[in-house]
Amino acid sequence: GYLIDSFISIILNKNKNKNNIECLIVKLDALGDLFLSVKTIDCIISKKKSAIIVVDEAYVDLFTCYKGVSIFPINVKSYILNPFYRYKKLAYLYKFHYNQVINLNISRPHFVSDSIIREVESKYKVGFLSDNANSSSKIDFIYRRKYDYLVDVDFREHELDKLLRLLIYLK
């Protein structure tokens, strides 16, 4: 994945005249974790004029209630296995400059959200340190430097508590 991302980064247009979006939120977790994140997402987007939320395409219908927010679906399996699909999705997200990018995924076994964070341009990128139980420490090390701030969490903490702590670091 990282090598594909590196190649895609080279061929993406480095256009400086990008539309500005206040916030990009990436949430590609399973359904249960997604439900736990709804209040956090509400809190974030209530303070933003424009936002894009990246979600697994299976859960797009859950986000139709958000008015004025663009929902960007991704098929995680296709994103991992198909480099052309990956390029198409990243090329769209790369058209914008984001004031803030937020990775709400705590457990990241496939690092899809980190791949997206790596490629988009933003003034400020925040997320969670990945847990070593579900993530490769080598891949975590590679993507970690793409963030401005990573919240360290205790794996025994409830997901809601982790998400609340992240809100402190948002701009």
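**Notebook: cores, a nonpolar patch and salt bridges**

I located Phe35 in helix 2, which spans residues 31-45; helices (H or I, at least four residues) and strands (E, at least two) are DSSP runs numbered from the N terminus. The model is predicted, so I noted that local features need pLDDT of at least 70 and side-chain atom pairs count only at pLDDT 80 or more, while totals for chains, interfaces and linings use all residues. Residues are numbered from 1 along each chain as its sequence is written, and side-chain values use heavy atoms, with hydrogens and water left out.

**Surface patch.** I found that Leu31, Phe35, Val38 and Leu62 make a nonpolar surface patch of about 320 Å². Patch residues have over 30% relative accessible area and no salt bridge; like charges are joined within 9 Å, and nonpolar side chains (Val, Leu, Ile, Met, Phe, Trp, Tyr) within 5 Å. Accessible areas come from the Shrake-Rupley method with a 1.4 Å probe, and for residues only the protein chains shown count as cover.

**Cores.** I then examined the largest nonpolar core, which has 24 residues; Ile25, Ile41, Ile45, Ile53, Ile102 and Leu104 touch the most other members. Such a core is a set of buried Ala, Val, Leu, Ile, Met, Phe, Trp, Tyr and Cys residues joined through side-chain atoms within 4.5 Å. Buried means under 20% relative accessible area, exposed over 50%, and partly exposed in between (1.4 Å probe, protein chains only). Helix 2 gives this core its largest share, 4 residues. For Ile45, I listed contacts (heavy atoms within 4.5 Å) with Ile25, Ala51, Ile53, Tyr66 and Val69, leaving out residues up to four places away in sequence. A second, separate core has 22 residues, among them Val54, Ile74, Tyr98 and Ile117.

**Lys18.** I placed Lys18 in the loop between helix 1 (2-11) and strand 1. Lys18 is buried, at 16% relative accessible area. A polar atom of the Lys18 side chain lies 2.9 Å from the backbone oxygen of Tyr94.

**Salt bridges.** I recorded 5 salt bridges, each a side-chain nitrogen of Lys or Arg within 4 Å of a carboxyl oxygen of Asp or Glu. One of them joins Lys18 and Glu121 (3.2 Å, N to O). That pair links distant parts of the chain, with Glu121 in strand 5 (residues 121-122) and the partners 103 residues apart. Glu121 is partly exposed, at 23%. Glu119 and Arg118 also form a salt bridge, at 3.5 Å, and both residues are buried. Arg165 pairs with Glu157 at 3.1 Å.

Conventions
Polar contact = N/O pair within 3.5 Å; in protein donor to acceptor, adjacent residues only side chain to side chain.
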